[in-house]
Amino acid sequence: TAVEIRTHSDTEGGILIKQWIRSNYPGFVIHAQELIEARDHAYNMITIISPDNTSHQVYFDISTYYRRIGHPEFPKPTC
């Protein structure tokens, strides 16, 4: 299940993602990030690394602001 990031600002979206990771995975660091477009949504898949070098992937639904920053056709509105 992806964590939904509700904002219309890509800057704020990045901040909210980092805050969520710090709150839910203290001590982990961001290792990689990948954009995924699927099922009329846009996701950031973030790979994080723990202090003991274990990796974990967290998915964030960024559809609200991904659409806003220059991709008006994707994701498609669900009306």
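Author: The questions below concern a predicted model.

Reader: How do you know that strand E2 and strand E3 pair?

Author: Two strands pair if there are at least two bridges between them. Nine bridges join E2 (residues 29-38) to E3 (residues 41-49), so these strands count as paired. They run antiparallel, and Ile30 stands opposite Ile48 in E3. Two residues lie between the strands of this hairpin, where Arg39 has a positive phi near 50°.

Reader: What makes strand E1 and strand E4 a pair?

Author: The requirement is at least two bridges. Strand E1 (residues 3-4) and strand E4 (residues 55-61) are linked by two bridges, in the parallel sense, and therefore meet the requirement. Val3 has Phe60 in E4 as its bridge partner.

Reader: Which strand is joined to E4 by seven bridges?

Author: That is E3, and the two run antiparallel. Here Asn44 stands opposite Phe60 in E4. E3 and E4 form a hairpin with five residues between them, and Asn53 in the turn has a positive phi of about 70°.

Reader: Why is Ser63 called buried?

Author: Buried means under 20% relative accessible area. Ser63 has 6% relative accessibility, so Ser63 counts as buried. This residue lies in helix H2 (residues 63-66).

Technical notes: Residues are numbered from 1 along each chain as its sequence is written. This is a predicted model: local features need pLDDT of at least 70, side-chain atom pairs count only at pLDDT 80 or more; totals for chains, interfaces and linings use all residues. Side-chain values use heavy atoms; hydrogens and water are left out. Helices (H or I, at least four residues) and strands (E, at least two) are DSSP runs, numbered from the N terminus. Buried means under 20% relative accessible area, exposed over 50%, partly exposed in between (1.4 Å probe, protein chains only).
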